[in-house]
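The sequence and structure come first.

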Amino acid sequence: MVKYTIGVDYGTQSGRAVLVEVGTGKEVATAVKEYTHGVMDEFLPDGKTKLGIDWALQHPADYLEVLQCTIPEVLKKANVSPDHVIGLGIDFTACTVLPIDCNGTPLCMTAEFSSNPHSYVKLWKHHAAQEEANRLNEIAEKRGEIFLQRYGGKISSEWMFPKLWQILNEAPEIYQAADQMVEAADWVIYQLTGELKRNSCTAGYKAIWHKQDGYPSREFFKALDPRLENVVEEKLSSTIVPIGSKAGEITEKAAKLTGLCAGTAVAVANVDAHVSLPAVGITEPGKLLMIMGTSTCHILLGDEEKVVPGMCGVVEDGVIPGFMGYEAGQSCVGDHFEWFTENCVPSSYYEEANQLGISIHQLLTDKASTLQVGESGLLALDWWNGNRSTLVDADLTGVLLGATLLTKPEEIYRALIEATAFGTKMIVETFRKYGVPINEVYACGGIAEKNAFMMQIYSDVLNMDVKISASSQTPALGSAMFGAVAAGIERGGYESISAAAKDMGGVKEAIYQPIKENVEVYDQLYKEYARLYDYFGRGENNVMKVLKQIKSRSSQSNKGETVC
Ligand SMILES: Nc1ncnc2c1ncn2[C@@H]1O[C@H](COP(=O)(O)OP(=O)(O)O)[C@@H](O)[C@H]1O
Ligand SMILES: O=C(CO)[C@@H](O)[C@@H](O)COP(=O)(O)O
């Protein structure tokens, strides 16, 4: 009898489920659910409570809706009975964190706190804790905290402790009322199995947890703020469980929600980027995977723990047990293009796209692909949502250089694509410079799937072959594979994620290869990009931060509305 496993991938805008055949990795059915509340970056669901600059929230009810809609849909589409499904795995954006009470209820879903913005899920790209991150980094550096090295020298404002500290500073009542602060990934597993177990991947990459040393010391937290001295015991106390293990089984309640059988094995939660590595078949060092969507994450295995400036983190067993897992990232990739299409493209382009029956992205890509490398005279810095690696600074902003009265939308679109490719090259060069080899490059995610022209640019800029994941739902496939590992051999699954990767992961046959003439021009453009990167990013010209301060002051004095 054929067995199946399900993976659910929680992205920035939607959640997707895929039903996969165990053994072959064949994706039998997929279903997507856009989040009902989307990303809340201006107002709470009441439409009145205004959010501050750089806020980004989600609503946890949307996560349950994903389970409720997509799992029955894939079972129905594939005509598969739930008792043929042996396991379930999920992956999530991270650090995406929420306060819950002692029953596991999110504080934003209680009458008392539903109009308090700090009670909601702080999405990975919530960047309003930069001040806390700056203070944390200063204090950690002064105290010579060695954990800083494992995070490239800086803790990002996207990660757990800056976000918790922001809650404590701005809404101490929420901090007090929270029984636990949890990654959304772990909260969903809690809803499925009835047990709160924290996964070692988010704990390691996002919450400064180390397999041997645990969390930073009480003294460190006390030095940040005396109220944080016992943050670990008070707010993060539940068990940390290694990825690749079983979290529990579907409860009766979760069976009603999902249509799965009670008792189905559920894997410990994982992160969307990290879970993708085995799904493209990577189980060894030297192979960099770019997970390209709203943002890009770069995941790489290594044999040794090296200190690489500006990486997001190196975590033992963080991706595949037995290896060091490295992460780096760019906070703004697809978001960059979305912003551009929503704000800077004339209606005539939309009309043309409509007439041709293609998306605006496709139209701009088609037009951009007729240009020669360097023809537009434009160069951009890809910091529309800050810089995650290698500068770790959410206060950096975008730059477009070289525009004239003749500049066309497709030229800017292309410059934005190139900027993201240059940003990736900077990351690749930094890893290599600090002793972490990168010999091959792979890509997956929405963009790797949808935009061939962009992938060719990456190959040209990196001057390397780029291989593409065989799956169009790579994170979900990776999660499904972890689901099969949670089920174990006795239920028809796998003993390890490496064994599952051999059978179920892989890449497409077609490979993007660098085009020599393009490589030469891109080398010149990259030199200029690297100069701008240092100039604006390493303190030579702090104009971006000055502008941000002025913006913040002006917007606060502008209105009488509640601004959080
Ligand atoms: N053809 C395209 N080329 C480049 N970017 C695209 C294209 N189509 C959509 N995008 C961008 O891809 C992003 C969504 O990526 P996807 O991988 O589907 O989701 P997520 O990041 O939520 O997992 C959006 O930011 C969107 O602007
Ligand atoms: O930061 C991480 C993983 O560490 C991602 O979850 C985050 O960049 C969001 O990913 P997406 O762009 O939504 O795929």
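How far is an oxygen atom of ligand 1 from an N or O atom in the side chain of arginine 16? The distance between these atoms of ligand 1 and arginine 16 is 2.9 Å. The model is predicted, and local features need pLDDT of at least 70, side-chain atom pairs count only at pLDDT 80 or more, and totals for chains, interfaces and linings use all residues. Residues are numbered from 1 along each chain as its sequence is written, chains are lettered from A and ligands numbered from 1 in the order in which they are written, and side-chain values use heavy atoms, with hydrogens and water left out.

| Residue | Part of residue | Distance to an oxygen atom of ligand 1 |
|---|---|---|
| threonine 12 | polar backbone atom | 3.2 Å |
| arginine 16 | side-chain N or O atom | 2.9 Å |
| glycine 446 | backbone N or O atom | 3.0 Å |

Taken alone, ligand 1 exposes 580 Å² (Shrake-Rupley method, 1.4 Å probe), and the protein buries 87% of that. Around ligand 1 there are 17 residues (a heavy atom within 4 Å), of which Arg16, Thr294, Gly334, Gly446 and Asn451 come nearest. Helices are DSSP runs of H or I with at least four residues, numbered from the N terminus. α12 (334–343) and α16 (446–450) each supply at least two residues of the shell, and α12 gives the most, with 4 residues.

Phenylalanine 431 is in helix α15 (residues 409–433).

Terms used
Polar contact = N/O pair within 3.5 Å; in protein donor to acceptor, adjacent residues only side chain to side chain.
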